[in-house]
Structures are given as C-alpha cells and as structure tokens.
Amino acid sequence: MEKIRNFCIIAHIDHGKSTIADRMMELTGTVSKREMKSQLLDSMELEREKGITIKLAPVTMSWKGHVLNLIDTPGHVDFSYEVSRSLQAVESAVLVVDATQGIQAQTLANVYLALEQDLTIIPVINKVDLPAADVESVSAQIMNLLGCPREQIIEVSGKTGFNVDKILDAVINEGPAPNLLDSGSKTDSSTKALIFDSYFDDYRGVVLYVRIFQGEILKNTEIKMMEAETKGLALEVGVLTPKMTPGESLKAGEIGYIVTNLKTTREAKVGDTVTLAKAPALEPLPGYKDVLPFVYAGFFPVSNDQYKDLKEAVEKLSLSDSALRFEPENSPVLGFGLRIGFLGLLHMDIIRERLEREFKLDLIVTNPSTNYEVVMNNGEILEIKSASDLPDASEISEIREPWVKGEIILPKSMIGNVLNLINEKRGRQTNLSYIEERAIIDFEAPMANLLTDFYDQLKSATSGYASFNYEIDDYRAEDLVRVDFLVAGNRVDALSVMAHRSEADSIGREVTKKLKEVIPRQNYEVALQAAIGARIIARETIGAYRKDVTVKIHTGDRDRKAKLLEKQKRGKARMKRFGKVDIPSEAFTVMLKRD
C-alpha cells in the first residue's frame with residue numbers, strides 16, 4: 001500500500017482538468033500516442049460536443065514505481081455531487097486554477113469540499129503559456145486561500161505538457177498513501193469497499209467503480225451490498241487504464257471496477273459498502289447523503305405511444321445517475337408523462353438531450369419549478385412539486401419555499417450591477433469580502449427566482465466575468481400564490497406557476513404576451529388570460545383569421561355577399577363555443593426564453 005496514491009483533480013468549469021489528465025496518461029504511458037485523443041476520459045458524445053465533463057472517470061497509471069489512481073471530476077455546480085463522491089475515494093486533490101481567470105466560485109466550493117474530507121491539496125496553475133496569463137496575481141490568490149508558500153504552487157500547461165511530471169511527483173511525495181480504516185479496523189478486519197459510481201452495461205450487467213478500504217475482493221467471490229442488502233457475484237475485477245483491464249483481485253487501497261451479475265443499479269446504490277457475503281463487515285463505511293433534486297419539470301412525449309419508451313429510457317438513465325428522481329404525471333392537455341427532479345438547469349438540459357439523442361424520443365418539457373412545503377390548517381405538511389398540485393386556498397395555513405445560499409465572485413468594478421440583480425430576484429446580500437482585485441458577494445435568495453435565467457442575466461451584467469455557486473439553505477414561509485393560465489376559457493394545468501404575490505401581475509402579463517406569439521391564430525378569436533383563483537390579472541387576445549369565402553359570388557351583389565358573411569359569422573360563434581385550441585410544445589417553455 002505504500003506504493004499506491006489515490007487522487008482527484010478539482011477545478012472550476014473549463015479550467016483544464018481533463019486536458020491535464022490527458023497529459024498525465026501520455027506521460028505515464030497509460031495510453032499510446034495512437035489511441036490518444038483530446039479529453040480522452042470524456043467518453044459521452046455530449047461531453048465531447050459541449051467540452052464539459054459530466055460524469056466522473058477513474059483511471060489507473062504507473063509512475064516511478066508507484067501506482068497512481070486518478071479520478072477526473074466535473075466542474076459545473078450542478079454536478080458537485082459527482083465531485084463529493086470522488087473526494088470520498090481519494091487521499092489527495094490536485095486543485096487546478098486557470099492562470100487567465102484566477103479563482104472562481106466553483107474553485108472555492110470544491111476546495112471547501114476537499115478540506116472537509118481532510119485531503120492533501122496540491123495547488124496547480126494551468127495555462128501559463130497563454131499571453132493573457134497572470135501567474136503572479138493568481139499565485140497570490142491561491143496563497144491567500146490555502147495559506148501555502150509560493151514555491152509549493154506548480155505552474156503547468158495542460159496543452160503543451162509543460163511541468164505535468166511535477167504534479168505526478170508532488171502526488172507521490174506530498175500525497176499520503178491510503179490508510180487502513182481506523183474505525184473498528186482492530187476488531188472488524190473484514191473486507192470493505194465504497195461504491196463511488198455504477199452504471200448498467202447492456203451486455204454485462206451492473207458495473208461498480210469501487211475504492212477498497214480494507215481486505216480484498218477476488219474474482220468469482222460472492223459479494224454483499226450492506227445498505228441495499230442484496231447479494232451478487234464479482235464476475236470480473238480489475239483496474240481502468242482507461243479501458244477495463246481484468247485482474248485476479250482488488251486489494252486494500254486500490255481503485256477499480258467489479259462486473260456483477262446484478263440486473264439494476266438499485267441493488268448497488270452509489271455510496272453503499274461492498275463486503276464479502278461469507279464474512280460480512282459489522283458496519284458499513286460512512287457513505288454520502290442522498291442528493292435531493294430541487295428543480296422539477298414535466299417531460300411528456302409528443303405522441304402518447306412513446307410514453308412506455310420514455311419511462312424505460314428514464315429508468316435506464318437513473319441507473320447511473322443517483323440524483324434523478326421521477327414519478328408519473330398526467331395532464332389533460334399533454335397526456336401521460338413523467339415529472340422528473342434535477343439538481344439544476346444544466347442537469348435538466350443534459351438529460352433532455354440524452355433522451356432525445358440516445359433514445360430517439362420527441363419530448364415536450366414544461367417550465368421548470370421547484371418544490372414547496374404547504375402547511376394545512378390542520379397542521380399537516382404536504383410537499384408539492386408542481387403548481388397544479390396545490391390544494392384549495394381556504395385549507396392552506398402557509399406556503400414555504402426553498403431559499404438558497406449563493407456566492408458570486410466578480411471584479412470589484414461590477415458589484416453595483418450584481419447587487420441590483422440580486423434585489424430584483426427578492427434576494428438579500430449577507431456579506432461582501434475581497435480577494436485581491438475581486439469581490440465575493442454572499443447572498444440569500446428564493447430558489448424559484450434563480451431557476452429560469454438568473455445565470456444568463458448575471459453573465460450579461462458582468463460581461464461573463466462573474467462565477468456563481470449555490471447550495472440549498474432552508475424553507476421559508478412567504479406570501480405565495482398560484483398563477484393559472486387560461487386558453488379560450490380552459491385552464492391549462494401544465495402552464496400554472498407559483499409566484500410571490502408582488503410578482504404575480506408582471507409574470508401574468510409577460511407570459512400571456514409570449515403565449516400570444518407562440519399559439520397559432522384560429523378561425524375564431526381566442527382569449528389568453530392569467531388568473532389568481534377567480535381574479536383575472538392579465539389578458540391578451542389572438543385575433544381571428546378573416547377567412548371569408550366570397551369566391552362563389554360572381555356578381556357584385558351587396559346583399560348576397562352580406563348574407564354569406566352573416567352566415568359565416570354565426571358559424572364562427574358556434575366554433576368558438578365548441579372549438580379546441582391546439583397548444584404547440586413551445587408554449588410550455590415560454591418561461592425559459594426571456595427576450
């Protein structure tokens with residue numbers, strides 16, 4: 001075990017984690033030049049296209065007689081649960097900071113996660129070869145943050161491979177070797193391994209990525225998951241280089257994979273402890289807390305025949321994504337669908353694209369909303385995930401909405417714009433501090449107001465210089481109402497939203513205006529209304545087509561023409577009573593698209 005080092009790379013989005021990982025694999029000869037491609041560990045088509053890491057990826061390398069196990073992690077705030085999982089499986093973390101951008105919000109968030117786990121942090125400044133690199137001021141920021149001496153910071157270039165070998169040396173010299181568990185290891189010496197990722201392979205069954213903390217797991221032994229209380233067989237064990245390389249066993253301190261005969265990853269949840277069925281451990285490893293989604297959206301297939309396919313597709317994705325929660329939903333307008341919970345809007349976008357690409361589905365996605373706690377008059381507390389589930393107003397004592405704690409890092413000169421933006425979103429600034437030339441604004445705000453386009457507005461208010469990170473805080477009682485939208489007098493449940501009473505009127509006006517643009521004109525007049533209960537707060541009217549057929553009148557007789565138009569007018573009035581307006585799928589995402 002003295003010769004093993006487990007480490008992960010953490011950084012803000014786009015600071016060059018995956019590129020540095022590529023250079024490390026080249027240097028250590030893990031991957032031959034012929035097989036090398038950029039961002040090798042980003043295997044998903046979407047990851048390569050968007051240039052971001054979505055799933056963590058482990059790889060085993062050898063360097064100077066040591067075995068190095070690296071986990072490459074995502075940088076976006078929506079995937080921070082992936083980062084926290086990798087941190088549990090390693091002893092040291094390489095902190096990468098972009099020399100042109102300096103410390104960003106996600107850098108800070110990930111450093112705090114690593115310090116909580118008591119990891120050894122190795123600071124690295126990347127992209128030092130770029131003309132815009134400002135190594136001195138970024139070094140000062142890192143020294144401020146970590147309290148480390150200047151000579152400890154390694155200056156590298158992931159693109160050219162400059163100094164990447166120094167990172168590997170630092171991992172060996174400064175990073176600790178894996179230690180056996182202290183908790184009960186004297187009395188309980190049985191095998192324990194932590195599952196930090198799992199996915200379902202169509203041909204082989206469930207594959208687990210594990211870190212062995214104690215004992216060893218041999219090929220073809222019977223294993224047991226302690227929390228799920230399921231048993232299975234370890235059909236194959238081995239390490240990832242990044243390809244699966246089978247071996248005879250996985251020993252304490254190693255990171256590798258186990259191919260099992262399990263049929264779903266529900267039987268082997270991420271964070272569970274694997275032990276041997278013959279000699280099980282007495283107590284499991286400290287896993288991680290369940291990740292609760294706080295953005296919900298309805299996913300409906302365009303044609304109801306695809307509902308079964310949608311359900312199966314989401315079940316398959318949820319096997320490898322522990323944060324995905326879903327339940328069936330039925331809407332009078334859209335038919336059968338699923339209400340799915342996500343960690344954030346990027347997470348929702350990625351899942352939507354994966355469903356459309358990998359499973360060839362045509363989807364309608366409703367406006368994202370968050371969950372609310374409703375306290376009834378009898379003291380009962382309900383959790384509702386969409387505005388249409390809200391009980392009758394007379395039975396409700398109060399409605400609580402989730403608030404988040406946020407942190408924005410930005411240049412000093414742009415503080416005014418951002419404070420205005422936070423106030424607009426009903427937020428409150430709680431603290432303002434400075435690192436060198438940058439300011440850190442801590443604030444609280446209601447989750448629902450940050451959902452649709454806060455990130456876009458923040459980027460435009462700060463010319464793209466601000467970075468933003470948040471975590472859920474608590475639920476607070478506010479004066480909230482449900483705003484319903486009526487199309488031709490019929491309430492459309494899928495369009496209903498929860499809003500603060502002070503903002504309800506402007507939301508009603510804005511959405512009815514947008515609906516007027518996306519709903520096609522009919523042969524009769526269509527009224528679009530926004531209402532709170534029975535009170536109408538906004539209205540727009542879609543004018544009728546004047547499809548007056550006067551073709552069959554060949555003479556210019558005024559009376560005959562007037563009679564025909566009168567007859568059509570009566571027809572339109574009747575049509576207005578019985579006609580049904582077909583609502584296009586764009587109408588359900590109008591809240592997402594601001595001008």
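Is Phe299 buried or exposed?

Tutor: Phe299 counts as buried, because its relative accessibility is 0%; buried means under 20% relative accessible area, exposed over 50%, and partly exposed in between, with a 1.4 Å probe and protein chains only. Before going on, note that this is a predicted model, in which local features need pLDDT of at least 70 and side-chain atom pairs count only at pLDDT 80 or more, while totals for chains, interfaces and linings use all residues. Residues are numbered from 1 along each chain as its sequence is written, and side-chain values use heavy atoms, with hydrogens and water left out.

Helices (H or I, at least four residues) and strands (E, at least two) are DSSP runs, numbered from the N terminus. The ring centres of Phe299 and Phe342 are 5.7 Å apart and the planes meet at 40°, so this pair is tilted. For such pairs, the rings of Phe, Tyr and Trp (its six-membered ring) must have centres within 6.5 Å; planes under 30 degrees apart count as stacked, over 60 as edge-to-face and the rest as tilted. The structure holds four aromatic pairs.

Phe342 is buried too, at a relative accessible area of 0%. Leaving out residues up to four places away in sequence, Phe342 touches Pro293, Phe294, Val295, Ala297, Phe299, Leu324, His347, Met348 and Ile351. Contact here means heavy atoms within 4.5 Å.

The largest nonpolar core has 39 residues, and Phe299, Phe342, Leu355 and Ile408 touch the most other members. A nonpolar core is a set of buried Ala, Val, Leu, Ile, Met, Phe, Trp, Tyr and Cys residues joined through side-chain atoms within 4.5 Å. Helix H7 (residues 307-320) supplies the largest share of this core, five residues. Another core, of 35 residues, lies apart from it and includes Leu87, Ala114, Ile142 and Ile255.

Strand S16 also holds Gly298. Gly298 is buried, with a relative accessible area of 0%. Not counting residues up to four places away in sequence, Gly298 touches Glu329, Leu338, Arg339, Ile364, Val365 and Thr366.

The protein chain has 13 helices and 30 strands. Of its 595 residues, 54% are buried. Among contacts with a separation of 6 or more, 69% are between residues 24 or more positions apart.
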